[in-house]
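Hi everyone, and thanks for coming along.

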Amino acid sequence: MKSNETDEDFLFFAEDEQPSPEPELAVGVWNILIVDDDEEIHTVTKLALNDLIVLGRKLNFHHAYSGDEAIRFLHNNSNIAMVLLDVVMESDDAGLKVVQRIRDELHLEELRIVLRTGQPGYAPEESVIKEYDINDYKTKTELTRGKLVTAIIASIRSYQQIRTINQNRIGLQKIINAGANLLEQHSLHEFSEGVVTQIASLIGLHAEGVLCAQIEDDGSTSDKIYVLGAAGHYAPFIKCQLDKLDNPRIVQQINLCLSQRQNIFGQQDTVLYLGSDRHCAAVYIETNRPIEAFDRQLIEVFLSNISIGYENVTLFQQLKHAAYIDPLTKTPNRNEFIQILQDTRRFDAEGMVAVLVDIDHFSDVNDGLGQDVGNELLIALTLRLIAFFGTSSQLGRIGADVFGLVGPAHELTPERLEEVFNEPFQASEHALQVNATFGLCRLTDSAEQGLTILKHVYIALNKAKKSISQSYQYYQPEMEDEMAERLSLLRKLRSDFSRDKLELWYQAQVSLSSKQVVGMEALLRWPVADGQYISPAVFIPLAEYSGLIVEIGTWVLEQACQQIKHLATQGYSDLRIAVNVSMPQFRNHHFVQTVIDCVNRYNIDPALLELEITESVVMDEPKIVIDALQKLKNAGIKVAIDDFGIGFSSLSYLQQLPLDRIKVDRAFVREVTEPAGEVIAQTIINLGKRLGLSTIAEGVETEAQQQAVAAMGCDEMQGFLFAKPMSAAQLLVFLAENNTDKAAESGITNK
């Protein structure tokens, strides 16, 4: 053949050709790049080598027509075995510049280069061989077909040998690094994902695959195979059962590998067996081509290296599993449930809701029937929740009597949740009818972190617990703002209390028969800027919730005893002071002794200190309250019950309480001039008299109310008609005056 453009001979003489052997079966190809500015050279080279098979593979030709084009192609295609490169193209040394850029810029050290030239004078052979990293250098006239084939075979063989050496070196380093890295990872899922990634890295593939194994959920062997690690587009299936994968071939191949306990090397994918007889796994890798022999050797060395690591990690995971599963109910505990919330929020948040189920008064079951019965109740509830929601939702035990659910919002509705508690639960020989309170949070209304989601559900649950109209509450963002405001207010309360900014004010209590002041009720006040005060209805519940009320209550007792002592020095030696006491104070083991010590410290008559309790306090923990009050009563301290009639308490408790006085709530006094209000107030006053107790009406604001309660036989009154709450200094002035304007109008005189 003759090139019309170069007019140079490029002949393949017949005498150079040998009889062609039978074609070999080609597996894969060798990629060859022809770089020449003469299009005919591309054509004749391809024709001459088209049927050539080298080391079992055919040749696959690529073409570039300039040095720059060749570099761009090689930059994007690194799997080229060799380049047939013309020296003289757009410049006399264009080919030599390509060689330099291949080695220095692209760092393609394995690539073999055969230089060809039709004008040897531009690049002397001896200097080129010395200065450039090339495999061969021939003039086009001497490259007959036989010599070209020889150059091709030699170059490809050299390429394969160099690549094998480099792959073995790189692979060995990866094995060392992989083994070290993987053995550092205690999480079975992280370890498994690392195995998939490392194997893909060893054979030079983008990681697409899964590692699967049978795992033990509750200590017994499970027949189900789970995806423990994954990379690429299979990553969302981690922790899922293998059957949920939407690829039947993967399921089939993994099952086959685990049953045969051996590697499977296919045309499009590879399944590798990992582990020992006790702890085995299968690694599925999408290869889209057969894995070569030397790559298989690398993989086998790698698997051998990490098999012991896999078994150790599996054993560690069993310990970790015990740390994330509730031992009583065999459901996820709080830590694992947080992870479930996070995974669900990440992959499947739309239409999903998280729920907390809090059993009401569960402590009563434990205290009254024993912890064993309480445990059986928890197991019975677990089974019923699974029966109701197990197919659609995930269940966990978050606290002693709190369960968590996450699932579809149309399944986990308040109505269906309440149905769970319609029937009694069988616990030992007891049929227990219990109720629950529910906090709910739509996952799309919360954050992506599992701990934050749980916090939001707890906010909703706490809101529901404070509601008297319904047993559930959905989380709303403004709830968190309210919580933040409460916490800010609590911090300020702590700060102001520590700096002694709280004040104790007093409201006088008057005898309806003698028209004289017989005592005062101590009222806590919290002043803030500009002469304003924060309402006790706001900060007292906050102090009780936080436990700060115990310290504040001790301070109030100190102030009240100190005031009784001070009043005695001013000539008012028989005026009592009533102090309100809350449930957290009664729960404090030192409360009774604190009160007695305070009375003794100021050397006051204990009968002048009166403790006021509400019905709700009594009903909360009757035994604790009654025992404490009995001890205080024995020490001579008086006891009054406040807001009587509001809490609908049991009269049996009223009989057990060591009371001295009943206070008629302002709600009944306000309506005392109406027929219905008169009946209730009269009933409470009569009940007090029948029990031998003194009665006091609070919230008296009009003369009509005063006359009405006096006509009913009430002993004392307290309200704005006579006096508003006042500071300690104002109280002394008030007591020193013979009459106030209101007292004169009412015909009441002060002592």
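At what angle do helix α10 and helix α11 pack? Before I answer, please keep in mind that what you see is a predicted model. Now, the answer: α10, residues 362-369, and α11, residues 371-389, pack at an angle of about 140°, and their axes are 6 Å apart. Angles over 145 degrees would count as roughly antiparallel, and these two helices are therefore oblique to each other. On the α10 side, the contact is made by Phe362, Val365, Asn366 and Leu369, while α11 brings in Gln371, Val373, Gly374, Leu377 and Leu378. Sorted by class, that contact has six nonpolar residues, three polar ones and no charged ones.

Let me step back for a moment to the whole chain. Its secondary structure comes to 26 helices and 27 strands. There are 751 residues, and 48% of them count as buried. The accessible surface is about 36600 Å², with 49% of that belonging to carbon and sulfur atoms. And if you take the contacts between residues at least 6 apart in sequence, 65% of them join residues at least 24 apart.

Next, please look at a sheet. In what order do its six strands come? The order is β2-β3-β1-β4-β5-β6, in an open sheet with mixed pairing. At the edges you find β2 (53-54) and β6 (136-139), each pairing on one side only. Further in, β1, residues 29-35, runs parallel to β4, residues 82-86, and four bridges join them.

As a quick reminder for anyone new to sheets, strands pair through backbone hydrogen bonds, either parallel or antiparallel.

Is β22 mostly covered or mostly open? Mostly covered: four of its five residues are buried. Strand β20, residues 517-527, runs parallel to β22 and is joined to it by three bridges. Strand β23, residues 609-614, also pairs with β22 in the parallel sense, over four bridges. A handy landmark here is Ala578 of β22, which stands opposite Glu521 and also opposite Glu610 in β23.

Is Ser582 buried or exposed? The relative accessibility of Ser582 is 5%, and buried means under 20%, so Ser582 counts as buried. Leaving out residues up to four places away in sequence, Ser582 touches Glu544, Ile549 and Val617.

My last stop is Ala728, in helix α25, residues 728-736. Here the relative accessibility is 29%, so Ala728 counts as partly exposed. Which residues does Ala728 contact, leaving aside its neighbours within four places in sequence? They are Leu504, Tyr506 and Gln563. Gln563 is 165 residues away along the chain, yet its C-alpha atom and that of Ala728 are separated by 7.9 Å.

That's my tour, and I'm happy to go back to any of these spots with you.

Note on methods. Residues numbered from 1 in each chain as written. Predicted model: local features only at pLDDT ≥ 70, side-chain atom pairs only at ≥ 80, totals over all residues. Heavy atoms only, no water. Axes fitted to C-alpha atoms, helices over the stretch in contact; angles between N-to-C directions. Parallel < 35°, antiparallel > 145°, perpendicular 65-115°, else oblique. Contact = heavy atoms within 4.5 Å. Nonpolar A, V, L, I, M, F, W, Y, C, P; charged D, E, K, R; others polar. Pairing = 2+ DSSP bridges. Buried < 20%, exposed > 50% of the residue type's maximum accessible area, 1.4 Å probe, protein only. Areas by Shrake-Rupley, 256 points an atom, 1.4 Å probe, with all protein chains shown as cover.
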